[in-house]
Protein chains: 2
Amino acid sequence: MDTMQFGSDWYDENLMARNETLFTTANGYLGFRGDFEEKEGSYHKGTYINGFFDSEPIVYGETAFGYAKNHETILNLPDPKRIELTVGKRPFSLKRGTLNSFSRNLDFHTGVLSRFVDWTSEDGNRVVLCSRRLVSFIDKNCAVIEYSVTAKGNPLHICLRSSIEVTSDNRSANEDPRVGSKFSSRPLLILETGIEENQLSFIAKTRNSNLSLRGAAFHVSSTIPARITKFPSDLAIEYCFDLEEGETVTLTKYIAYCTEGDDERFLAHKFASKGFPLIAREQKEYLDSFWNLARIRIEGDDLSEQALQLNLFHLLQSCGKEGKTSMAAKGLTGEGYEGHYFWDTESYVLPIFTYLKPELAEQLLKYRYSILPQSRKRAETMNLKGALFPWRTISGNECSAYFPAGTAQYHIDADILFAAQKCFNASGKEIPPWIVEMAIESARMWASLGSYVASKGNRFCINEVTGPDEYTACVDNNAYTNLMARENLLFCCEVVKKYQDQGKQLPLELRTGELHQWQGIAEAMYIPFDKELGIYPQDDSFLFKADWPFFDTPREKYPLLLHYHPLVIYRHRVLKQPDLVLAQFLLSGLFTKAEKIRNFAFYEPYTTGDSSLSHCIQSIMASESFQSVKAWWYFKKTVRMDIDDIHGNSADGIHTASMAGSWMALVYGFAGFRDWKGTFSFNPQLPDSWKSVSFCLSLRSSVVKIHFTKEEVTYSLVAGKALSLIHRNESFVLEEGENRCFSLVPALEGVLFDLDGVIVDTAKLHYLAWKSVSDRYGLAFDTEVNKKLLGVSRDTSLAIILEHNKVVWDEEKKQQALEQKNEAYVASLDILSPKDVFPKMRELLQNLQHAGIYTALVSASKNAKAVCAKLQILDLFDAFADVRKVQKSKPEPDLFLVAAEQIGVWYSNCIGIEDAKAGIQAIKKAGMKAVGIGTAEELPEADYVLVDTTKLTVELLQGILNT
Amino acid sequence: MDTMQFGSDWYDENLMARNETLFTTANGYLGFRGDFEEKEGSYHKGTYINGFFDSEPIVYGETAFGYAKNHETILNLPDPKRIELTVGKRPFSLKRGTLNSFSRNLDFHTGVLSRFVDWTSEDGNRVVLCSRRLVSFIDKNCAVIEYSVTAKGNPLHICLRSSIEVTSDNRSANEDPRVGSKFSSRPLLILETGIEENQLSFIAKTRNSNLSLRGAAFHVSSTIPARITKFPSDLAIEYCFDLEEGETVTLTKYIAYCTEGDDERFLAHKFASKGFPLIAREQKEYLDSFWNLARIRIEGDDLSEQALQLNLFHLLQSCGKEGKTSMAAKGLTGEGYEGHYFWDTESYVLPIFTYLKPELAEQLLKYRYSILPQSRKRAETMNLKGALFPWRTISGNECSAYFPAGTAQYHIDADILFAAQKCFNASGKEIPPWIVEMAIESARMWASLGSYVASKGNRFCINEVTGPDEYTACVDNNAYTNLMARENLLFCCEVVKKYQDQGKQLPLELRTGELHQWQGIAEAMYIPFDKELGIYPQDDSFLFKADWPFFDTPREKYPLLLHYHPLVIYRHRVLKQPDLVLAQFLLSGLFTKAEKIRNFAFYEPYTTGDSSLSHCIQSIMASESFQSVKAWWYFKKTVRMDIDDIHGNSADGIHTASMAGSWMALVYGFAGFRDWKGTFSFNPQLPDSWKSVSFCLSLRSSVVKIHFTKEEVTYSLVAGKALSLIHRNESFVLEEGENRCFSLVPALEGVLFDLDGVIVDTAKLHYLAWKSVSDRYGLAFDTEVNKKLLGVSRDTSLAIILEHNKVVWDEEKKQQALEQKNEAYVASLDILSPKDVFPKMRELLQNLQHAGIYTALVSASKNAKAVCAKLQILDLFDAFADVRKVQKSKPEPDLFLVAAEQIGVWYSNCIGIEDAKAGIQAIKKAGMKAVGIGTAEELPEADYVLVDTTKLTVELLQGILNT
């Protein structure tokens with residue numbers, strides 16, 4: 001199939017609403033929903049200009065100081081698309097007569113939406129109707145509709161009545177808080193309308209926001225003589241023709257919509273003089289240039305390839321391009337979320353343009369700079385210093401009428417600055433003063449928002465905030481917020497220092513000590529962390545909430561926000577989207593692999609994905625966690641979000657963030673791309689059902705093409721200068737014009753050994769040591785209980801024994817017993833000697849050494865090295881993973897991951913050998929093949945099981961890795 | 001002055017608005033604001049019927065599932081008070097002509113509001129105008145206005161035009177969320193008006209709530225012939241008279257307002273037949289009966305006495321009396337808070353009626369029972385079981401448009417049940433089935449709201465709630481809420497078991513195990529407590545917030561809620577009212593005296609008192625904390641809240657809860673009354689400037705009169721059967737007709753001794769022990785540091801040494817050092833002998849014993865008894881306060897309070913002797929006189945200082961106590 005277009009070959013009334021959204025043509029300024037030219041058969045006809053809104057005071061049930069003052073709503077403008085066709089004496093209608101054939105198509109290469117209808121009226125008149133529509137990327141004010149009718153079978157009298165429908169209106173609010181406007185009176189006032197020869201025009205003004213709009217449509221018809229009638233009161237003009245059989249008439253409508261004082265009639269006429277063919281050619285050239293970089297190819301999955309292309313096309317169509325507007329959450333495809341700009345732009349959309357069209361990324365940031373004055377005022381109202389960007393807005397004023405999921409989301413400041421940091425890092429350009437100005441004002445905001453709290457060890461705490469996950473609100477120390485605020489402060493300090501070092505003028509004067517204050521705050525920032533679980537709690541209260549009753553919640557009660565009062569949601573442990581997981585993705589360099597795996601696993605069961613921003617991040621972090629099946633599942637939910645109407649509300653507009661997320665899931669997820677402080681790395685992992693993927697990125701003004709299959713990846717420098725890249729854990733420089741190829745086929749490069757039960761049997765010694773301690777304290781302990789201790793740490797072992805005995809000890813007593821156990825165990829080590837090494841294990845270790853395969857010892861025991869010394873095998877290991885240096889012992893993956901990193905071998909090229917269930921689980925979580933010593937019953941998760949070590953050989957291990 | 005009336009002898013336009021509120025006449029059903037009969041000179045003319053409202057959908061800026069659906073607003077009804085006077089040809093007007101004299105008076109004995117005006121018009125016509133007004137307590141539908149005019153100096157033509165003003169309207173909403181209505185169209189529809197002979201009438205209906213109102217006014221004029229004119233379109237009737245000089249004409253207007261289908265015209269006529277004198281006599285009889293019990297007398301403070309009487313009068317006027325309505329936050333005096341009922345009724349007003357008019361208390365509870373069906377539905381919407389009472393309502397439906405300070409205040413359920421428990425406890429009546437039904441439904445609500453949380457030691461936690469203090473919202477484990485919820489559950493269990501034991505039918509069937517579940521929850525209820533501070537944090541996050549910047553907050557920025565965004569307030573440690581302190585007052589039996597003192601002191605600096613519910617509780621707990629000056633200061637703020645218009649909004653109505661609070665501050669505060677589970681106790685402490693107080697309480701159907709001066713208190717059984725009471729710590733039975741008198745003059749009954757430095761010098765031994773430990777760990781320690789250790793516990797001493805050395809130790813190491821110090825100290829005790837007792841101290845102890853004065857040893861040392869044994873003075877002490885059994889050591893008062901309780905002596909009859917600053921502070925906090933051994937410089941807080949113990953005698957101590 002041609003994945004560079006989206007269309008259908010049949011007419012399905014049920015898909016009408018969704019299709020109007022998907023068939024939108026727009027250029028980031030002007031947007032036409034994909035409704036038909038005719039009145040009939042529409043769900044909601046829409047015409048929008050980015051940032052063109054009206055406002056009214058927000059009515060609150062109960063108001064308070066500092067509440068956002070006004071709604072702002074993007075307006076549905078007078079509809080210039082309207083053309084009504086009459087065939088003979090009957091209006092063309094899909095609901096009557098016979099539909100011989102029907103197709104619609106949106107072409108991503110040409111940017112043209114076309115429709116083809118072959119239809120016979122009830123009274124037997126057959127016509128073929130062909131319409132084409134584009135909204136120009138070259139001239140933002142320009143749109144064209146070409147409407148052709150061919151008489152079939154008979155000569156025919158047909159009429160085309162073209163109008164600008166000035167009574168268009170926004171959809172009105174209903175119970176779903178995500179849709180609908182709340183105007184008390186018509187927001188757009190039509191000041192003037194006019195009909196001249198072949199031309200319709202109007203002048204309008206918004207009631208409260210005082211914006212002006214001028215529109216005109218100039219008509220050009222085929223040379224066939226027409227009878228023309230004007231309808232001034234309807235702002236319509238009718239062209240009637242007598243067609244011979246087979247003859248075609250074409251009416252072309254050149255539309256000019258202006259908001260900046262241009263002469264609409266002059267422009268419409270100018271576009272008509274230029275003509276549709278030329279306009280269409282320019283459009284294609286613009287798109288060629290875009291696709292040149294943005295084109296994605298997926299061998300083996302046309303549907304995903306098409307969906308990704310559609311998503312990119314819509315993002316390009318939705319993006320404000322002049323630094324005066326941003327990207328509405330629904331682009332220019334509908335009125336959902338009132339046409340507001342959210343953090344979605346910076347956190348989801350900006351990365352795409354950063355790597356595919358950097359000049360647009362910069363324009364989006366410029367919009368934020370343009371609303372800095374309003375953001376300063378907002379900070380003042382909120383008793384803060386610096387600037388607080390609005391949570392949702394068009395004009396720059398805060399429009400959120402529910403502050404717990406609005407103004408409380410202070411993280412927007414950090415999101416914007418993080419996107420800016422990334423954008424300039426990727427392009428390699430110097431940070432301009434206007435970005436520095438935003439960084440300073442944001443840093444000031446954070447410094448005034450939080451406080452050093454004595455009862456938190458004098459750490460800097462940020463209380464009463466809402467993170468991206470809106471299923472908890474107004475919490476203390478949202479981890480995402482604190483992490484991103486810290487990043488914001490550090491970025492600010494860095495750029496300010498750079499300016500100072502270079503003797504450059506700062507855009508704002510700093511107060512004495514301000515830089516030092518920010519540095520101090522960043523260093524003292526409180527990040528919630530739970531030692532027991534080894535995870536970052538979403539906020540201070542998160543671990544003290546009751547779990548959401550997932551099992552009692554039927555499918556139709558999702559999304560929860562539409563079926564439960566906020567208080568019910570807030571008091572439970574349940575997420576709309578996992579914001580800590582998002583932070584670990586964004587700030588990838590600050591967390592170990594083990595942390596990412598553990599936190600992703602911890603939050604996943606609590607995550608509803610009720611937000612369309614959720615799945616793409618889940619997909620990326622599933623990839624990071626070696627969970628390719630899950631990564632694929634989440635990708636599928638995000639890539640076709642709107643095509644498959646997964647949230648059931650695509651009728652109200654596209655989900656721009658989710659669309660952007662699908663690209664992220666591919667690039668950051670499957671290709672494992674990371675850009676951390678200017679270091680670009682990849683770790684490609686192809687989904688099972690795919691044959692290959694290729695895409696390009698613009699990095700430091702160079703263009704890199706990444707192409708990978710299951711077996712190998714090729715990095716090519718398509719344009720620009722040499723570039724440093726990292727493949728997995730291997731750095732290399734890609735020279736001009738060079739291709740670099742790396743194998744992705746697993747190859748045994750590292751073997752990670754457990755100690756007890758794999759190399760030597762110290763289990764007996766441990767058993768005896770625990771037995772002696774248990775006896776001393778009068779605790780029950782036997783071989784059954786002992787089984788549970790295999791492979792787990794000393795602390796946990798004691799916890800298991802105490803739980804078995806149903807007793808609770810204080811910390812002091814526990815420490816005492818742990819020391820006694822260790823003393824007993826260490827004393828018993830004396831009886832070990834080299835002959836205690838298990839059969840064939842010394843040979844295996846030696847053979848691995850000879851084969852150049854690295855080895856590491858991965859034991860939860862703090863005495864592992866002492867044991868190896870006794871066994872005289874110390875020198876057979878390249879590394880010893882130290883349990884004291886990781887967050888969590890087995891069954892968590894930390895030790896195995898660290899061991900692989902210590903020997904410098906990529907995780908998937910390692911094999912782990914374990915005799916305990918917890919150890920096998922740790923290996924699997926670490927993304928490695930696991931060999932179990934024991935029985936398949938005891939170790940069901942192992943990839944391969946041996947009863948003892950006698951059959952372990954290098955060749956066997958190599959074989960296991962490749963199956 | 002006559003404290004049973006409130007009035008003024010001059011006309012002050014600036015006080016007009018407040019006066020309209022204060023001069024309200026009402027009977028709990030019908031209320032007339034104290035506006036003049038004439039149109040001129042009014043701030044806002046108001047006529048209200050309790051519970052008569054209209055509703056409209058609440059408009060939200062952003063709505064969500066389960067939000068309260070409708071506003072409900074008490075309506076300002078057609079105004080029947082209107083009479084316009086024309087003198088000669090000119091309308092009577094206070095703004096023109098000459099005001100010869102003016103007075104207004106509200107009489108609490110008669111319930112009559114009267115006005116006297118002597119006025120001369122611009123054209124020299126002089127009249128005396130006399131009006132009297134009452135709203136009948138005997139017949140709720142009845143009100144009467146008597147309007148007399150006397151011609152002075154000349155014969156005169158005068159006209160009285162009487163009307164019912166049907167265009168009356170509510171005040172409209174403005175930026176202050178506490179006032180104003182939001183109707184989009186007139187809520188009251190006038191269906192019919194009528195004028196017959198001497199009579200005006202109308203029939204009206206509310207637009208949405210569908211309530212009907214019928215009103216009539218029947219006029220009776222003096223026998224002087226009148227010319228009568230009717231004005232149907234104005235619903236007015238005019239009486240014109242020709243008066244001789246000195247002649248008086250009187251027009252009496254008998255008003256009937258009905259909402260339950262009575263015939264308004266018949267009633268008005270009936271009232272007229274009865275006549276004003278008889279109606280007024282019945283009114284006085286009703287009030288006589290009320291004042292018989294409710295009358296308060298304060299010798300030495302007429303203003304407070306008057307204010308308290310005014311407050312009680314207004315509460316009686318505001319109280320719904322038929323079980324169908326409750327008491328609006330502003331009574332029937334204005335439209336503030338839309339006429340809604342809040343927890344104020346149960347938590348502030350109900351105690352008053354419980355002890356002064358129990359049948360009304362029961363009626364208020366009956367109202368809650370009447371809205372149980374709506375409360376069950378609300379619980380269901382909120383995903384809860386049982387019933388959740390509305391935070392604010394008229395009809396029973398939740399009307400709070402801001403859930404964080406509305407529905408999140410689940411504590412309303414517990415407040416209602418606590419009030420019910422108190423009410424029936426006080427009267428001694430059996431708990432009726434309808435209260436049991438409410439108790440069960442509330443218990444079910446709590447059980448479904450909270451959860452057992454593993455990470456909180458499996459305690460039952462109630463998350464995401466707002467306590468009474470609305471300056472924090474949606475927090476976890478608000479201590480007030482959890483304490484009161486536990487009480488609710490226990491009460492429910494108790495009454496259910498009682499019913500079951502008595503074989504009585506329960507009003508609802510319980511599910512299997514339900515009772516057991518509630519009992520379990522009550523036992524496992526999590527109550528936040530901070531060991532370090534020894535206080536109950538208001539909620540889980542309270543101690544982790546930054547302090548409000550009080551020093552940067554100018555006076556005009558209070559109340560904070562009008563000048564700061566909620567997010568700003570919520571993230572700081574700042575209170576509107578101290579809810580934990582309230583809980584300690586309500587649940588007085590659950591806390592030690594020391595806890596109450598400490599928590600009151602802890603919360604006081606954070607409390608703004610921005611709520612009118614704050615000061616009275618502060619006053620009570622200041623009294624409890626021996627802080628009589630503070631108690632007085634808070635009392636003054638609450639008792640004249642509306643008379644002095646302290647919050648600047650008395651124009652919008654009285655503050656019923658604050659009015660009730662003033663009575664509470666007197667009875668619970670100054671008289672120290674407590675009613676804990678049917679035990680009635682008193683601890684009178686007269687404010688300095690007063691001579692005596694007396695008041696009555698109805699307890700168990702008996703009436704007790706309490707009269708106290710500074711010197712003594714007398715308890716008299718005025719009516720009813722014998723009753724057990726407690727004076728301070730002394731129980732007694734008050735027999736029929738008996739008076740019991742107790743002295744309040746301090747008398748030395750107990751002496752509390754510190755050990756080190758007072759009886760013996762072990763300070764040196766401690767010093768040496770600490771020195772040896774410090775040396776062992778290489779810590780700096782000298783005599784300067786040692787000074788800081790005087791009188792403080794071992795743990796704190798070590799903390800001081802570590803802090804001095806700027807080192808942090810773990811718990812284990814600290815324990816070790818503490819044990820070592822103790823071992824060293826105990827070993828050194830061996831050298832002590834009886835001759836080490838300080839000079840004269842053995843004699844003093846012996847003399848105290850002979851004089852029958854109790855003694856106790858109050859030492860922070862765990863070795864105190866061992867020392868006494870060595871000194872052979874063990875048998876000279878009646879008690880030893882054990883530091884291990886109190887929450888906090890010195891300088892907290894716990895040890896001294898416990899010592900006094902151990903020897904059974906009231907705190908104020910004890911003297912404490914101490915040589916350390918911390919010890920003196922502890923004694924003072926415990927409300928005792930403190931004798932310091934040392935210098936006045938070192939011990940500035942001591943009441944008396946001696947350089948050593950040689951001069952200490954029984955007589956000296958007795959003298960100190962009495963100065």
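Visitor: Which rotation superposes chain B on chain A?

Guide: In this predicted model, copies are superposed by least squares on the C-alpha atoms of residues with pLDDT of at least 70 in both. Chain B then falls on chain A with an RMSD of 0.3 Å and 0.1 Å of shift along the axis, and that is the relation of a two-fold axis. The rotation is one of 180 degrees.

Visitor: Which residue of chain B has the C-alpha nearest the axis?

Guide: Residues are numbered from 1 along each chain as its sequence is written, and chains are lettered from A in the order in which they are written. The C-alpha in question lies 2.4 Å from the axis, and the residue is B:Tyr60.

Visitor: What percentage of the contact residues of chain B recur in chain A?

Guide: Contact here means heavy atoms within 4.5 Å. The same surface serves both copies, and the share that recurs is 100%.

Visitor: What is the radius of gyration of chain A?

Guide: Chain A has 26 helices (H or I, at least four residues) and 38 strands (E, at least two), both being DSSP runs. The radius is taken over C-alpha atoms, and the globule rule is 2.2 Å times the number of residues to the power 0.38. For 963 residues that rule gives 30 Å, so chain A is as compact as a globular protein of that length, its own value being close to this at 33 Å.

Visitor: What percentage of the residues of chain A count as buried?

Guide: Buried means under 20% relative accessible area, with a 1.4 Å probe and protein chains only. Of the 963 residues of chain A, the share that counts as buried is 63%.

Key
Predicted model: local features only at pLDDT ≥ 70, side-chain atom pairs only at ≥ 80, totals over all residues. Heavy atoms only, no water. Buried < 20%, exposed > 50% of the residue type's maximum accessible area, 1.4 Å probe, protein only.
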